[in-house]
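I opened this entry to look up how two chains meet. My notes follow the structure.

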Amino acid sequence: MENHKLAAAIAYRLLNQTKHSSKKIIHQRLLIPNFSQLNPLSSTSGFTRHASVPLKRFLASYRWDLQKSSLIRMQNISAIHHRKFGSVASAVVQRNPNFSTINNDDLIYFEKILGAKKVIQDHEELETANTDWMHKYKGSSKLMLQPENTTELSQILEYCNSRRLAVVPQGGNTGLVGGSVPVFDEVIISTRRMNNIISFDQVSGVLVCEAGCILENLISFLDKKGFIMPLDLGAKGSCQIGGNISTNAGGLRLVRYGSLHGTVLGLEAVLANGSVIDMLGTLRKDNTGYDLKHLFIGSEGSLGIITKVSILTPPKLSSVNIAFLACQDYISCQKLLFQAKRRLGEILSAFEFLDSQAMNLVLHHLDGVRNPLPSSIYNFYVLIETTGSNESNDKATLEAFLLHAMESGLVSDGALAQDFSQASSFWHIREGIPEALMKAGAVYKYDLSLPVEKMYDLVEEIRTRLGSAANVVGYGHLGDGNLHLNVSAPQYDDAILSQIEPFVYEWTSRHRGSISAEHGLGLMKAEKIYYSKSSETVQLMASIKKLLDPNGILNPYKVIPSSLSSSSIEAYDKVSLLIFSNVQDVHMKSQPTICKLPWSTF
Amino acid sequence: MKIMVAIKRVVDYAVKIRIKSDKSGVDTTNVKMSMNPFCEIALEEALRIKEAGLASEVVAVSMGPTQCVDTLRTGLAMGADRGIHVDAPSPLYPLMVAKLLKALVHLEKPGLLILGKQAIDDDCNQTGQMVAALLNWPQGTFASKLVLDKEKNSATVDREVDGGLETLSLDLPAVITTDLRLNQPRYATLPNIMKAKSKPIKKMSLAELNVELRSDLEVVQVTAPPVRKAGVILSSVDELVDKLKNEAHVI
């Protein structure tokens, strides 16, 4: 009992000595087993404003919970503490010792199934596949497999499951949260060879294709038939539809065509044990049983690998008009959105905004881009696109709306594209912001869903916090309430990171927003899910993960906290506690020590 | 000095065109039409000259069916002062357009006539040269740089020719046709679009200009170029030699 009290006391001291702010215990939600026991009034977002918990109460609940649940959560103290400080998360997640490593027999088997051409061990190719688009995360996988069809993929997965080899499904590798690259030596399973278009129904507009089809190729294919894809994003030249669906990508046209949960009619997925789940329906309405495809949409490859997709494509309408507008303040942008939804109504197909810092960045770093409104510096720019079937009607409606906006002072200036090349140059400005940020140096990316009135307040607060240390840029899908907050610095710097995180997540949580609107959780936000989802919900997610992937081989260490995924529960079957020594300097220098306590204590 | 700019309404250059099934021409129904890119450059140059103070007025003219007025409105939104629409049935071939422009020049008496070097739908590259001959005016075609001299009443034109760049000095009034690298056209901004609604567009008929519609060209057939066949990947040099000899018959 004494040892246990000591351990609890040390843990308590640890928690209260973290660098961040005075409300320490509350942030470390995972560290306190059953937080709601301590404070029944705590919000589901995991953040409350109550003061620190008194030691006696803490000990009481701590002891109670240790008796009832596993010790996993304590073990993650080190992981979580590290993650708050380090900018390279993979340096601090520990490789699950339950996963096997590849041996020669495995290679022989893979070559037998796939043939030598589709088993990649070439160093250069693996370098690219191991690094994410932002060059922020890098794994150390030694093997990449490129199956050509569902059967091959199913056989590979079955084998990996039996051998307990962790895998990472990889599409176009354009993800922004480190979800598409290995953390350690997971086998990369690339879908790039599965790029056939299976069928297209001209009448209903249903497209059936394999998961490795590149989005831009699908757009070109449909263009000839008179249809378009319901989603469009800047990464379309490289991203694959399977990845788009696994991450429930939003994009530029969500305000008009809705999310992939609505437009995907069916899919075929392969589970961790190799079983092929065929849900590839092409029917618009099918209420027979639970609609399981929704589990896979947005699961980021952690529940199964999507191999085929059937998606409903809208017809390509002839009249597309686009206006690039300038507003003096954020209130005007909001009012403009309100007016646009009313006056443009059904023809509105995109509503994006960017601030002056974003515009300057794009003009500075990208070639062939010019400011459509060079006469003055404006604080905000809004891009409005309309798509309809009648050119003259749409143009008249748009011009009437713009005239009204100018007369009521919402818009200070604007330009209307007169032909396709002007339209694409307007889009190039908005779509080129991520690229310009990459060229500017290091970038901290945050993708948040917030109430529209509050969106820009966060940008301004972060700007005040960072001062001249970094360039804070805000842009995004104003029509969907989605802010892309980016902090651009000359290089990655933990001092800057500590000013941003966890402030950004807490702020979002406080306003009941989402810490990841469309990018997903991946590796970057795997432990942060509690800022936006209740612990009961996350527990249910963990149960589903355990059901579909008992060995936890699909994209491990990502999406849901690793303490809840089955792999780590099996790993720690010894009774042990991880305690920091030297808590003051948690900046990577400390070594966790393992302290074993006798069973009888509990 | 007044500047006259001729603009043409064509299929937008980014559209993937299709041939009509009876091979009589390109399918233009429900297809996005906009101002010919070279005409945009011509208008932009005229506006820059006016902004430099060397011209007092820019008049945009267009010939064709009623929809040409949309293109003229775009021109007015860019900054032209007046528009003239000559109501004529399409298709209009270069010689007809040149005759109409000659009649308009006699009416408006501009000091400079600027056109795009060619239209992207027929790629004729004839109108500018023909109208200069009809008016007996000097011409500076494929202009990539244009500098006006007010005292000497002349223009110095850099032309893009096959051998490189050629610089000419022309006495005004003259005909200039613009090439791609002359300038980058401005966007039509909202205040200008609103102002354009009140700028006048005068409609004229062929009879008023005393020009007779006579078609000297007849389009017999329009076909698409043959589809590019896929290449074949060969596995050895012997196979290559064999194919060159027996299939392509080149050796």
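These notes cover the interface of chain A and chain B in a predicted model.

**Extent.** I looked up the contacts and found 26 residues of chain A touching 22 residues of chain B. I then looked up the area: the two chains bury about 2100 Å² between them, and carbon and sulfur atoms account for 57% of that.

I looked for salt bridges between chain A and chain B and got three. One of them joins Lys197(B) to Glu399(A), with 2.6 Å between the closest N and O atoms.

**Chain A side.** I listed the elements of chain A that each supply at least two residues to the side touching chain B. They are the helices α9 (215–225), α16 (391–407) and α17 (420–431), and the strands β10 (319–327) and β13 (413–416). I sorted the residues of that side by type: twelve are nonpolar, seven polar and seven charged.

**Strand pairing.** In which sense do β13(A) and β11 of chain B pair, parallel or antiparallel? I recorded antiparallel, over two bridges, with β11 of chain B spanning residues 188–189. Within this pairing I looked up Leu416(A), and its opposite residue in β11(B) is Ala188(B).

How values were computed
Residues are numbered from 1 along each chain as its sequence is written. Chains are lettered from A and ligands numbered from 1 in the order in which they are written. This is a predicted model: local features need pLDDT of at least 70, side-chain atom pairs count only at pLDDT 80 or more; totals for chains, interfaces and linings use all residues. Side-chain values use heavy atoms; hydrogens and water are left out. Contact means heavy atoms within 4.5 Å. Buried area is the accessible area (1.4 Å probe) that two parts lose on being put together, summed over both. A salt bridge is a side-chain nitrogen of Lys or Arg within 4 Å of a carboxyl oxygen of Asp or Glu. Helices (H or I, at least four residues) and strands (E, at least two) are DSSP runs, numbered from the N terminus. Ala, Val, Leu, Ile, Met, Phe, Trp, Tyr, Cys and Pro count as nonpolar, Asp, Glu, Lys and Arg as charged, and the others, Gly among them, as polar. Two strands pair if DSSP finds at least two bridges between them.
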